[in-house]
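Here is a short tour of one model, meant to be read with the viewer open. Take a look at the structure first, and then we can go through a few of its parts together.

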Amino acid sequence: MAAEVGDCREVNSLAAEGCHVARQGWLTRWLSLSIVVALSTLVFAESIKDKNDASVLDPLQWAVVDSLRYPERTTPQELLEAAIRAASVEALEPTLEFLEKFDDAFAAEPDKEETLAALGTYFQTPELSRFQRFLKRTAPPEQVDAVVFLVNGLRAAAQLKRTDSNRLKKASIDLQSDDIFMRQTAANTLMEGGTYALPMLVDLLMDTGSDHKQNSLSKSEFRSRKLTEEIIGQLGERGVRALVAWLGSDDFKRFPGIIDALNILVDSGCLPAGRTTNPNASAELDVASVLFAPAFISELGDSTRVAAMRLLVKIEQQGLTDFGSEPLTKDVACRMLTTKLDELLTPHGVPSTDSLTDGPTSNTSPQPTVEQYLWVTDTERPEIRYLPPNACRSLRAGHIARDLSGLGCAHPDTVRLVLLAQSEALLVFQKSPSSALNTLPIEVITGALRGPEGFSTKRTADVLDDALNRSIPLAAAVAIRAIRESGKNTALSSPTIRSPLVRALAFPSTLVQFEASQTLAVISPQLPFSGSSRLLDRLLYFANSSGVDEALIVHPNPDTAEFLKSSISQYGFVPSSVSSGRLCVQKARQSPDLQLIILSARLPDLSAPEVVELLQQESLGKQLPILVMLDPLDDNKACGRRTRLVLRLHDVENALLTDRLDSQFFPTLKSTAEGEEVIPPRFPETLTRITGPQAIDAGWRQEQRTKRLQRASIALTILGQLGNSGWDIRRAFPVAYHGLKHSQTFDPAMRLLTNMPSPAAQRSLFDLAWAPDVDKSIRKKAVDSLGTSLELHGILLTNSTLRIINDMYNEADHGDVSSIGRDLVALFQPPKK
């Protein structure tokens, strides 16, 4: 059944690679219905047939090779089979000879797509894998790559043929034929299609009625139904998962047939979690959970309700679920579904990864994913997709939430869980959740949080509180945004609403912290309130971005710190260094641009594990990746430092123990039989292990830098607004002055300095206006801002600055002052009467 899982990702990579390799030998470019697989290779080694080469093969090998050469093989299938069998006895030259002949035979085929599909169906995966392993050991790399392209092309073409909808539909028609051979061929075709044949099989079940109405069937209908049941029974656990996902779609008219197919699989004992369904498996959807809504929603029709109720009763009688010794009613269904949704919306409800998916770009590492069936509207069938664990959990929770809404379950706890699941679903499938949150219409956001009585800010605050408790940051961000939008028109000063927002300021998510900061500034602009100082701290933190990727080196030895700084800078980081663990924690509190900490295993004040623990306790919005660098002496067994660090950091996800050898950061040479081989530095791999595959994706890193600058601009604007509302924002002077250095934060930083009753703020505006080398538009902004500051706060400048202005005034009387001086002097002259 594994063959049916064919993934388009593999095909896409083939098409991309094939564009770069020109055909020079035994492979020919070919096109299929939905993919392009380009197969090519360099010229294989010339076939050598003299007696000197014959001596490299033993008699057994030659016996096998001779049996493959005579009688002569001419078709692509025969020649590829000969190459595989020659490889099985490790005869390299005959293998290459047969592959060269295969190229010629394949090039002569009129329908290359059909030929490749037939080859992919004929050869089994294990023998193709052994074939590749042999060539990887013995053949040149370019030849190995060409064979990999070929094998992947065979598999992709065979998968496309097996899952072709038109082919499967024709087989479902032939299954009803009176010709026994046609029926057998059709049955084989449908079994090869696996779960992709389910729509055709379900339609056959519906055409022949449910299993309790078989007495009225004709002989032909009875025969085709029995064949359909046998094929469905062979689908096993995958069939159950596909049908469960199908019940989460809006294909309501086929629900009776879907439930009928589930009934067949229940009878065959093929439920997930072994041979029985485990209703307490938090991360899985059991069959009973997805049958409650079809059993009690009247709009789905009597046939659906009867089939679902009958299957639920059967499942309980077989001991596969437990209704608590109560009659199965709608209230019982609501209670059991609420319990199931409550389990899904916990950390235990996040499924474990079982697959690796190629990264978004060619230079990123594969990402851990979960294999999940989805109902695909375009193809009208359930298909396998590979999702991140949180997205998979959200999909399953959304299924249960939809069923609870359809049943009309109105208990407050149920409504809160449904709104929580709907909120997370808004962002979980978005490539950039923060960008999507800013672009989603407010009607969509509040609609996801609309209960039976409509949208309620208080209920939304409860959803936020629950999202924080359950560590679901995307749902928390949606709820915060909804509260902010509803609070723009009405004052929301209730502690019930403000309390979870203040809690969100310490939640380990940058998105949640920033949304909470904006919302609190909107709904509670007046002082004082509990958490106002925390709000100011978070705004200052976000406003302090420079739009770079900072790395902090923590090492007591200045020479080693300089070596690490120069080493890390070549990977796009802007390094700085401190000499102690306490200074490291202080630095981490100040800069949102800090993306990596390289921590010495030996520090003068704190141990490395203590620094890691302190950083985890800081509410920074994210867990900073930490590389704990061992010194050479730490590897000494007598020292034991490495062993102690391994034990103490074993359960810390964001800390990794590594070394600072030259091979970590720079290429090295390795002597081999063919000469010297250049070994790339290990640091990119180390960085990937601690921060994820996106850490080496330049595009992703640039996107994150841009987002940090955008947040800094918004935070500076909010600080200026709070200053107008009476907040003491003088602490913001360093970040406002820093914001003048970047075009994206220049204007909000200028406004913040204007609103700040501080001598330093006025002096910075004066210095900018007085600077001779700035652009005229910037100088005009500075002069205007300085004038506004003087009107708002009076003259706060120091005596030294006032003497400069006095000199300008005296020069103006003699006509010697520049245009810059005249503009500034005009600000301090009294108005003319």
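A residue counts as buried under 20% relative accessible area, as exposed over 50%, and as partly exposed in between (1.4 Å probe, protein chains only). This is a predicted model, where local features need pLDDT of at least 70, side-chain atom pairs count only at pLDDT 80 or more, and totals for chains, interfaces and linings use all residues. Residues are numbered from 1 along each chain as its sequence is written, and side-chain values use heavy atoms, with hydrogens and water left out.

**Helix α22**
- Helices (H or I, at least four residues) and strands (E, at least two) are DSSP runs, numbered from the N terminus.
- The buried residues of α22 are T457, T460, A461, V463, L464, D466, A467, L468 and R470.
- Among the elements covering them are α17 (330-344), α19 (412-427) and α25 (510-523).
- S471 follows α22 and has a positive phi, near 60°.

**N263**
- N263 is found in helix α14 (residues 255-267) and is buried, at a relative accessible area of 8%.
- The side chains of N263 and K314 are joined by a polar contact of 2.6 Å; such a contact is a pair of N or O atoms within 3.5 Å, and within protein one must be able to donate a hydrogen and the other to accept it, while residues adjacent in sequence count only if both atoms are side-chain atoms.

**The open sheet**
- Five strands form an open sheet with parallel pairing, in the order β9-β8-β10-β11-β12; two strands pair if DSSP finds at least two bridges between them.
- β9 (574-578) and β12 (655-659) stand at the edges with a single partner strand each, so one side of each has no neighbour in the sheet.
- Strands β8 (residues 550-554) and β10 (residues 594-600) run parallel and are joined by five bridges, and A551 has L596 as its bridge partner in β10.

Key: Contact means heavy atoms within 4.5 Å.
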